[in-house]
Amino acid sequence: MPTVLTPSPRTLATAARTLAALALAAAAAFTAPATANATTAAATRAATPAAANATAATHVETDYADPVTALPPISRPDTKHCTVTAMQHDFANSYGQPFTGTLTPPADCAGPWNKVVLDWSGSVAGRQYDRLAGVWIGGAEVLRTSTPEPDPSGISWHVDQDLTPFVPLLRTAQPLVVDLGNIVNDTYTGIYHMTLTVTYYQADRAHPAAATADQVLPVSQSSTAAGWWTLSKGQTASTALRFPRNLTGAKLQVYARGGGCEEFWYSNVPDDVAAAHPDWGMCGGGTYREVQVLVDGRPAGTVQPFPAIYTGGISPLLWRPIPGIDAFRTQPYQVDLTPFAGTLTDGAAHTVTIVPPAGISDGWTVDGSLFLDTDPLLAQTSGAVTTDTVTADPKVTTTEAAQADGSELITAGATRDWTVAGYVNTSHGRIDTRIDHHGDYRNSDTLSQQGQVQVTSQRDSGWTVTSTDRDGRGPHQQQRSTWSYPLDVTSTYVPSATGYLVRGQVTVARDLTEEGRRGEGRWLPQAGSSDHLTAQGVLERQNGQTVQADGSATEQYVGTVDGGCYDHLLSADHGYLTLDRVTTSSAPGNRGACG
């Protein structure tokens with residue numbers, strides 16, 4: 001499983017908990033099947049879902065198609081452009097040995113730029129675990145991703161990322177660091193062959209220079225090594241920074257993801273349940289997860305993380321060839337620190353701290369980047385924080401109840417409401433910013449058969465409203481962001497005297513919206529996306545042979561891209577796509593009203 005702490009995968013004996021058992025058993029079990037399956041790869045590619053399901057009970061999947069997601073590709077302008085190959089590198093025994101280099105903007109495309117795009121391409125063959133990877137430019141993490149698990153004959157994949165927000169860093173040569181910790185031996189043979197390119201698209205009359213922040217400040221621990229922190233229970237990550245004295249706005253982009261037991265945080269049990277059943281191998285800490293941000297030790301905001309699942313998570317059979325949401329192009333979280341901007345302009349060092357979730361049972365990997373706006377006329381701005389109701393400890397309610405059928409039902413719930421407000425005195429007068437946040441969290445977890453069967457249902461949703469008043473001139477402006485992360489997981493591990501049977505089913509979604517309004521007017525949609533994925537997988541080993549190894553999945557992404565609507569539907573069975581349909585259209589009415 002992905003980790004930046006140790007290259008050694010957990011063994012099945014130490015991960016008896018159902019989810020870990022599913023993942024580990026499947027990752028180690030792809031040997032020759034007991035009976036060869038007559039379905040050829042070509043027939044599998046052409047199979048309809050109905051035909052595929054007819055043989056699913058006995059199918060043994062060995063190879064699978066190159067991974068693909070329903071995410072829209074990063075759009076690119078039709079302008080003069082230059083591509084820089086920033087890295088070509090093989091990651092073999094690479095724990096603690098990141099690739100390091102320098103990224104220099106091309107002389108033939110010196111800017112200004114309309115867009116800058118990163119392309120991350122890889123290939124791998126053999127047997128290998130999924131691995132966490134990150135890319136840093138000038139100390140700022142610009143891409144977080146993870147790798148697919150290969151098949152014997154090999155796979156290749158591609159991820160793109162919009163680097164345009166980082167243009168303030170990209171104008172000059174910057175240190176480049178790429179970390180992909182891997183281990184290769186007689187069992188785990190896969191070497192990750194990776195290429196990273198950056199393409200700079202020149203601005204022209206039809207494609208003006210991109211509007212970006214004035215400055216980017218990394219919140220990381222290094223610009224010449226991997227910048228992320230891996231934090232355990234009780235630890236935090238802090239950076240002392242000097243801000244521009246004419247600062248007017250600050251927005252923090254945060255990456256945060258759990259490893260080890262914290263990969264499956266949405267199914268972790270309370271500590272007392274884990275302690276009461278040590279032979280079940282359950283991970284503790286409960287299920288509620290929240291990442292906090294502090295400014296000079298003062299609570300400044302919170303985010304509730306998306307339940308990302310790696311390509312080996314629960315069972316690799318679930319994710320071939322469609323990976324889980326957030327596995328390839330991890331989406332960071334945004335925390336607006338503008339209410340604090342007026343307090344950071346004295347020229348002294350100020351501390352920004354990222355706090356991982358409380359009570360965690362394994363490591364969380366975190367870092368971030370600050371995007372800063374400055375006043376073009378004033379040498380120094382000033383201001384103050386006027387309201388801050390963020391509390392350090394969310395109130396989580398947990399229940400544990402034995403059921404009549406012998407199972408145990410565990411529930412957890414939390415509601416998170418806070419407000420942060422402040423002002424900055426600028427050359428355009430006083431600007432007040434107020435941020436109101438609401439989060440609602442519910443989780444139910446049913447354990448049966450001594451933890452061998454686990455059914456998890458989680459609902460995590462909320463909104464953030466940012467209100468801006470400009471010295472009483474005109475109506476205030478408001479932006480509202482909403483999120484919803486529904487998740488349902490069923491996992492089963494059935495051991496026997498001659499082997500085991502594992503099954504997993506996952507339904508997960510990420511729904512996001514952006515709206516705006518002036519004064520008390522109507523909220524108008526500006527952008528939105530809906531990414532829904534359903535997957536199932538089965539693996540059975542008897543007498544040292546694989547007798548079942550199969551999976552199927554469907555993913556549909558609907559969202560706004562460049563003012564239009566993008567709809568991508570994927571379906572797969574037996575490791576190969578059965579449907580790949582893309583539909584584009586103009587957004588009806590207001591921008592963002594798709595779906």
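Are Cys565 and Cys594 buried or exposed? In this predicted model, both Cys565 and Cys594 are buried. The paragraphs below place this pair among the other cross-links and then turn to the aromatic residues.

The protein has an average pLDDT of 90, and 89% of its residues score at least 70. Residues 1-26, however, have a pLDDT below 50, although this stretch makes 91 contacts in the model beyond near neighbours in sequence. Residues 30-56 likewise fall below 50, with 40 contacts beyond near neighbours in sequence. Where pLDDT is low, the predicted coordinates should not be read in detail.

Three disulfides are found when the whole structure is searched. A disulfide is a covalent bond between the sulfur atoms of two cysteines. With the bonded cysteines numbered in sequence order, the pairing runs 1-2, 3-4, 5-6.

One of these disulfides is formed by Cys82 and Cys109, whose sulfur atoms are 2.0 Å apart. The link is right-handed, with 70° about the S-S bond. Cys82 belongs to strand 1 (residues 81-91), while Cys109 sits in the loop between strand 2 (99-103) and strand 3 (113-124), so the bond ties together parts that are 27 residues apart in sequence. Cys82 and Cys109 are each buried.

Another disulfide connects Cys261 and Cys283, with an S to S distance of 1.9 Å. Its torsion about the S-S bond is about -55°, and the disulfide is therefore left-handed. The two cysteines, 22 residues apart, link distant parts of the chain: Cys261 is in the loop between strand 12 (247-258) and helix 5 (271-276), and Cys283 is in the loop between helix 5 and strand 13 (291-295). Both Cys261 and Cys283 are buried.

The pair of the opening question, Cys565 and Cys594, has an S to S distance of 1.9 Å. Because the torsion about the S-S bond is about -85°, this disulfide is left-handed. Cys565 lies in strand 28 (residues 564-573) and Cys594 in the segment after strand 29 (576-586), 29 residues apart, so that distant parts of the chain are linked.

Strand 12 also contains Tyr255. The relative accessible area of Tyr255 is 2%, and the residue is therefore buried. Leaving aside residues up to four places away in sequence, its contacts include Glu141, Arg144, Gln161, Pro332 and Thr365. Tyr255 and Thr365 are 110 residues apart along the chain, yet their C-alpha atoms are separated by 7.7 Å.

Trp113 is buried at a relative accessible area of 5%, and Tyr200 is buried at 0%. The rings of Tyr288 and Tyr441 have centres 5.1 Å apart and planes at 75°, so their pair is edge-to-face. Tyr288 lies in the loop between helix 5 and strand 13 and Tyr441 in strand 21 (residues 429-448), so this pair ties together parts that are 153 residues apart in sequence. Tyr288, at 9% relative accessible area, is buried; Tyr441 also counts as buried, at 1% relative accessibility. Elsewhere, Trp157, Tyr192 and Phe328 form one aromatic cluster.

Arginine side chains also lie over aromatic rings. Arg257 is placed over the face of Tyr310, at 4.8 Å from the ring centre, and Arg480 over the face of Trp523, at 4.2 Å from the ring centre.

How values were computed. Residues are numbered from 1 along each chain as its sequence is written. This is a predicted model: local features need pLDDT of at least 70, side-chain atom pairs count only at pLDDT 80 or more; totals for chains, interfaces and linings use all residues. Side-chain values use heavy atoms; hydrogens and water are left out. pLDDT is the predictor's confidence in each residue, from 0 to 100. Contact means heavy atoms within 4.5 Å. A disulfide is a pair of cysteine sulfur atoms within 2.5 Å. Helices (H or I, at least four residues) and strands (E, at least two) are DSSP runs, numbered from the N terminus. Buried means under 20% relative accessible area, exposed over 50%, partly exposed in between (1.4 Å probe, protein chains only). Rings of Phe, Tyr and Trp (its six-membered ring) pair if their centres lie within 6.5 Å; planes under 30 degrees apart count as stacked, over 60 as edge-to-face and the rest as tilted. A charge sits over a ring if NZ of Lys or CZ of Arg is within 6 Å of the ring centre and within 35 degrees of the ring normal.
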